[in-house]
Amino acid sequence: MNMREFITNRTQVSPTELEKYAGKYVAWSPDGKQIIAADDDPIKVVAAARLAGYDPAECVLSSIPASEELVMGGGIDE
């Protein structure tokens, strides 16, 4: 997996598309262009990715925050 390619492609997925998966675990295609599986249970996501013909070791598993969740990162430098 080329992480630079993955990150570049992943950032081009629209927020509207991601809203469909709010609150779920997802498996991303190795190139980061699409979500190939989603579920509330990460084990089911891995199984679904495998059934779709992907090697789960080559996919990125992540969660998509629910729309009401606040995701904070880093700090504020004063």
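Biologist: Which residues does valine 26 touch, if I leave out those up to four places away in sequence?

Modeller: Bear in mind that this is a predicted model. With that said, valine 26 touches Tyr21, Ile35, Ala37, Ala38, Val45, Val60, Leu61, Ser62 and Ile64, once residues up to four places away in sequence are set aside. Valine 26 also belongs to the largest nonpolar core, whose eight residues are Phe6, Val13, Leu18, Tyr21, Val26, Trp28, Ile35 and Ile64. Apart from that core lies another, of six residues, including Ala27, Ala37, Val45 and Cys59.

Biologist: How should I read the sheet, and in what order do its strands lie?

Modeller: As a general idea, the strands of a sheet pair through backbone hydrogen bonds, and they do so in either a parallel or an antiparallel manner. Here three strands form an open sheet in the order β2-β1-β3, with antiparallel pairing. Because β2 (35-39) and β3 (60-63) stand at the edges with a single partner strand each, one side of each is left without a neighbour in the sheet. From one strand to the next, the twist averages 25°.

Biologist: How many bridges join β1 to β2, and which residue is the bridge partner of tyrosine 25?

Modeller: Strand β1 (residues 25-28) is joined to β2 by four bridges, and the partner of tyrosine 25 is aspartate 39 in β2.

Biologist: Where does helix α3 lie relative to these strands, and what caps its N-terminal end?

Modeller: Helix α3 lies across β1, β2 and β3, running at about 145° to β2. The N-terminal end of α3 (residues 42-51) is capped by aspartate 41, a side-chain oxygen of which lies 2.9 Å from the backbone nitrogen of isoleucine 43. After the helix comes glycine 53, whose phi is positive, near 95°.

Biologist: Is asparagine 9 buried or exposed, and which residues does it touch beyond four places away in sequence?

Modeller: Asparagine 9, which has its place in helix α1 (residues 3-10), counts as buried because its relative accessible area is 13%, where the cut-off for buried is under 20%. A polar atom of the asparagine 9 side chain lies 2.7 Å from the backbone oxygen of aspartate 31. Beyond four places away in sequence, asparagine 9 touches Asp31, Gly32 and Lys33.

Biologist: And proline 30: where is it found, and which residues does it touch when those up to four places away in sequence are not counted?

Modeller: Proline 30 is found in the loop between β1 and β2, and with a relative accessible area of 24% it is partly exposed. On that count, proline 30 touches Met1, Phe6, Tyr54, Glu58 and Cys59. Although proline 30 and valine 60 are 30 residues apart in sequence, their C-alpha atoms are 6.9 Å apart in space.

Biologist: Finally, how many salt bridges does the structure hold?

Modeller: In general, side chains of opposite charge can pair when their charged atoms come close. This structure holds two salt bridges. In one of them, lysine 20 pairs with glutamate 17, the closest N and O atoms being 2.8 Å apart; lysine 20 is exposed, at 58% relative accessible area, whereas glutamate 17 is partly exposed, at 27%. Aspartate 40 forms a salt bridge with lysine 24, with the closest N and O atoms 3.1 Å apart. Since aspartate 40 lies in the loop between β2 and α3, and lysine 24 in the loop between α2 (15-19) and β1, this pair ties together parts that are 16 residues apart in sequence. Lysine 24 counts as partly exposed, at 28% relative accessibility.

Terms used: Residues are numbered from 1 along each chain as its sequence is written. This is a predicted model: local features need pLDDT of at least 70, side-chain atom pairs count only at pLDDT 80 or more; totals for chains, interfaces and linings use all residues. Side-chain values use heavy atoms; hydrogens and water are left out. A polar contact is a pair of N or O atoms within 3.5 Å; within protein, one must be able to donate a hydrogen and the other to accept it, and residues adjacent in sequence count only if both atoms are side-chain atoms. Helices (H or I, at least four residues) and strands (E, at least two) are DSSP runs, numbered from the N terminus. A nonpolar core is a set of buried Ala, Val, Leu, Ile, Met, Phe, Trp, Tyr and Cys residues joined through side-chain atoms within 4.5 Å. Buried means under 20% relative accessible area, exposed over 50%, partly exposed in between (1.4 Å probe, protein chains only). Contact means heavy atoms within 4.5 Å. Two strands pair if DSSP finds at least two bridges between them. Axes are lines fitted to C-alpha atoms, for helices over the stretch in contact, and angles run from 0 to 180 degrees between N-to-C directions. A salt bridge is a side-chain nitrogen of Lys or Arg within 4 Å of a carboxyl oxygen of Asp or Glu.
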